[in-house]
Amino acid sequence: MSSLRGNNGPRYRHVPNDATPYETITIDKLTPIIGAEIGGVDLSVPLPNHQMDEIHRALAENSVIFFRDQHLTQDQHLSFGRNFGNLHIHPAAPHAPGHPELMIIRADKDSPRANGEGWHSDVSCDTEPPMGSILYIQQCPPRGGDTLFASMYAAYEALSDRMKAYLTGMTAVHDGEESYRGTYANLGVADKPVYPRAEHPVIRTHPVTGRKALYVNRGFTKRLLGVPRDESAAILAYLYDHAENPLFQCRFRWQENSVAFWDNRCVQHRAMWDYWPHTRSGFRVTVAGDKPV
Ligand code: SIN
């Protein structure tokens, strides 16, 4: 893992941006850099405008937000997601019967794999990758099954000025083929003839916060364009290693009926499958996004 030691204090200094108090929700930050647990909200009912504004703000300031003790029907989960935009349909994963926008997240004793075991940003292989994902876990193992989240703002900001200059204007290929082909065969899902593939900037600017974020991930990014393949492989290996520094991360310990809402434009995540043979299950609603710039 890359070191962030400077010659004079930490090389990465987080500047908090959350001075104004919230009025309709409570905020309990997991770390100064990423993640906050939100209180005072019932996601099963239509939310007043001011509370919705504060949830938007909490997401912008914390990149991933968590809600405990929520009791949502499938329709309520979908309705909450629609507050943030159109819903995205996953190109490969199985969904709840009759609800293509409700992706099934489940691993049990018979599973050959679990969703999201490596660091990734959801479906970054799409031309317009999802803005955010809202995961509702209803069944938890007795221990384990945490999800790790990493701030790609922090990862970008901690790069050296020379590396930032090198990556500025560079694009990368993201491809779903390797991740998706055959992955859901055990659940009876037939493969598509082709899976999404797209080219995105390596550094993207968040449309809401205006902050820059590193936008390459082990799950989908295949190569940097405009440089030789060996150089691309070496630089990507460095960037993945750098992005996975625990300094940029928070770790969410699920309880039954918790919700995590992460912003794929500035966050990568990784799910821990450390609970076999137990079961962890829920549903994910994914909010559509824009073409990264
Ligand atoms: C995913 O959406 O990548 C799965 C995350 C999780 O199960 O914690």
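This is a predicted model: local features need pLDDT of at least 70, side-chain atom pairs count only at pLDDT 80 or more; totals for chains, interfaces and linings use all residues.
## Around the ligand

If you are looking for the site in the structure, the ligand sits in the largest pocket.

Threonine 147 places a polar side-chain atom 2.6 Å from an oxygen atom of the ligand. Arginine 280 has a polar side-chain atom 2.8 Å from a ligand oxygen, and for arginine 284 the distance from a polar side-chain atom to an oxygen atom of the ligand is also 2.8 Å. How much of the ligand does the protein bury? Taken alone, the ligand exposes 260 Å², and the protein buries 98% of that.

## The nonpolar cores

In soluble globular proteins, nonpolar side chains tend to be buried together. Here, the largest nonpolar core has 53 residues, and the members touching the most others are Phe149, Leu167, Val202, Leu214, Val216, Leu224 and Leu239.

Take leucine 239: leaving aside residues up to four places away in sequence, Leu239 touches Leu159, Leu167, Val202, Leu214 and Val216.

Definitions and conventions:
Residues are numbered from 1 along each chain as its sequence is written. Side-chain values use heavy atoms; hydrogens and water are left out. A nonpolar core is a set of buried Ala, Val, Leu, Ile, Met, Phe, Trp, Tyr and Cys residues joined through side-chain atoms within 4.5 Å. Buried means under 20% relative accessible area, exposed over 50%, partly exposed in between (1.4 Å probe, protein chains only). Contact means heavy atoms within 4.5 Å. A polar contact is a pair of N or O atoms within 3.5 Å; within protein, one must be able to donate a hydrogen and the other to accept it, and residues adjacent in sequence count only if both atoms are side-chain atoms. Accessible areas come from the Shrake-Rupley method with a 1.4 Å probe; for residues, only the protein chains shown count as cover. On a 1 Å grid over the protein atoms alone, a cavity is a set of points where a 1.4 Å probe fits but cannot get out, and a pocket is an open set with protein on both sides within 12 Å along at least five of seven lines; lining residues have an atom within 4 Å of a point. A molecule sits in a cavity or pocket if more than half of its atoms lie within 2 Å of its grid points.
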